[in-house]
Amino acid sequence: MSKMLQQRICVLGSTGSIGVNTLDVIARHPETLSIYALSAHSRIEQLAAQASATGARVVIVPDEAARKRFLHAWPAGQHPVPEIRIGQQALCDTVAEAEVTTVMAAIVGAAGLPSALAAAAAGKRVLLANKEALVAAGSLFMRTVRDCGAELLPIDSEHNAIFQCMPQSGRATAPTQPARGVRRLLLTASGGPFRTTALDQLASVTPDQACAHPNWTMGRKISVDSATMLNKGLEVIEAHWLFAMPVDRIQVVIHPQSMVHSMVEYEDGSILAQLGQPDMRTPIAYGLGFPERIDSGVGLLALTALGRLDFEEPNFDRFPCLRLSFDALATGQAACVALNAANEIAVDCFLNSRIRYTEIAGVIEACLDRITGMPSTGLDSLDDVLALDARSRRIAAELCLQKA
Ligand code: NAD
Ligand code: MG
């Protein structure tokens, strides 16, 4: 008999790759897990199908046009239409409601920051997939988790692996110091689709090639981030905040098979690793079931069929975005906000064929130079962070226009 808690869940970004995997895991546990609210920004017909299948009581859409589309798509004769709410404030209000125990923060980009922070401020169990929230506002976010008694469970596969390999004492959900006995965190990275592509061919790669990840199926933005390894850079910053780990004790290791999801190195020479299929339902099920282990639907990892595990050093000439991320973390929070914002703009321009793949790093670097050269304001509040994020986006958009 499972001791799993009854949970009523709000899935933010339910139509995305993480959202769909989350609904898949939840559907396997109808006796303990139920959906209270779902949100989506586009693909409103898919949202209506999800809400009807799960019996969601609330849905949150971006605007009035999306509300109409939702009503139009609602299957006639089905149970009552869910309450439809609109906009960012509705996301923040919904996660804080008493009915909600658990929030899956799976919106992509800094757009997910206000609602993820609101879930922490309301003291909920927060399953955090939205790494950009921690990159843009790590100290504010972690302070909020601590002060408001939230429970923070990392869903990003690397951080979930590290969480699983941490000593019990290091599992406090928002530590202020590195766990005792831990020497370093070893973050694994697949190296993405261009790990071995000739460097002189990178300037002509297409968005579809960049999104064709060898091991994982993900949203388009994070897929491009995996190709540039900016994703691993964001994850270094994410690990710094989640585990209170100094940057010089976080190492990135390329591991092309994506079966070792990350490792913790201890003072006594032990390295603990978490292995599994590259399927996000494993970390999602870990977060939903914690501290129990529950079925995720993921098959076994056949080690003998796999045969070997390879590890190599990342090359900063091939992956300049990784170097920029380490530099931003060393420089400070304003640089991390700018890194993330400039990347979101540059990746969007690349996906719309307005800049080349190899220009992404240049846009980020030039934006970082401009932002870190300006007098820095305090970044203690959400408003400060969002203002700097907006300013960085304007600068990055100008830089992209100059390249187009
Ligand atoms: P996705 O693009 O597949 O889905 C994004 C979701 O967010 C969609 O439901 C979309 O409607 C919603 N959304 C987009 N823009 C929005 C906005 N401005 N306001 C409100 N909602 C908005 O992305 P994904 O791959 O599921 O990734 C989601 C988050 O999880 C990202 O932060 C990503 O870095 C992180 N993550 C994803 C994976 C993965 O395997 N996909 C792994 C680790 C971490
Ligand atoms: Mg990851």
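A residue counts as buried if 20 or more other C-beta atoms lie within 10 Å of its own, as exposed if 12 or fewer do, and as partly exposed in between, with C-beta atoms placed from the backbone. Keep that in mind, since burial comes up a lot below.

What you're looking at is a predicted model, where local features need pLDDT of at least 70 and side-chain atom pairs count only at pLDDT 80 or more, while totals for chains, interfaces and linings use all residues. Residues are numbered from 1 along each chain as its sequence is written, and chains are lettered from A and ligands numbered from 1 in the order in which they are written.

**The whole chain**

The protein chain has 16 helices and 11 strands; these are DSSP runs numbered from the N terminus, with helices (H or I) of at least four residues and strands (E) of at least two. Its radius of gyration is 21 Å, close to the 22 Å from the globule rule for 404 residues, so the chain is as compact as a globular protein of that length. That radius is taken over C-alpha atoms, and the rule is 2.2 Å times the number of residues to the power 0.38. Along its principal axes, the C-alpha trace spans about 60 × 50 × 45 Å. Of the 404 residues, 48% count as buried.

Two residues are in contact if their C-beta atoms, placed from the backbone, lie within 7 Å. Among contacts between residues at least 6 apart in sequence, 70% join residues at least 24 apart.

Now for strand β6 (residues 125-128). In a regular strand the side chains alternate between the two faces of the sheet. Here both faces are covered: Arg125 and Leu127 on one side, and Val126 and Leu128 on the other, are all buried. Strands pair if DSSP finds at least two bridges between them, and β6 has a parallel partner in β5 and another in β7.

| Strand pair | Bridges | Direction |
|---|---|---|
| β5 (residues 102-105) and β6 | 4 | parallel |
| β6 and β7 (residues 151-154) | 4 | parallel |

**Two annotated residues**

An unreviewed UniProt entry places a "binding site" feature at several residues, including Lys131 and His213; such annotations may be inferred rather than shown by experiment. Lys131 lies in helix α6 (residues 131-148) and is buried, with 28 other C-beta atoms within 10 Å. Beyond four places in sequence, Lys131 touches Asp156, Leu234, Glu235 and Glu238.

His213 sits in the loop between α8 (207-211) and α9 (220-228). His213 is partly exposed, because 18 other C-beta atoms lie within 10 Å. Ser226, also on the UniProt list, is one of the residues that His213 touches.

**The nonpolar core**

A nonpolar core is a set of buried Ala, Val, Leu, Ile, Met, Phe, Trp, Tyr and Cys residues joined through C-beta atoms within 7 Å. The largest one has 130 residues, and Ala105, Ala342, Ala346 and Ile364 have the most contacts inside it. Helix α14 (residues 333-351) gives the most to this core, with 13 residues. Leaving aside neighbours within four places in sequence, Ile364 is in contact with residues including Leu339, Ala342 and Ala346.
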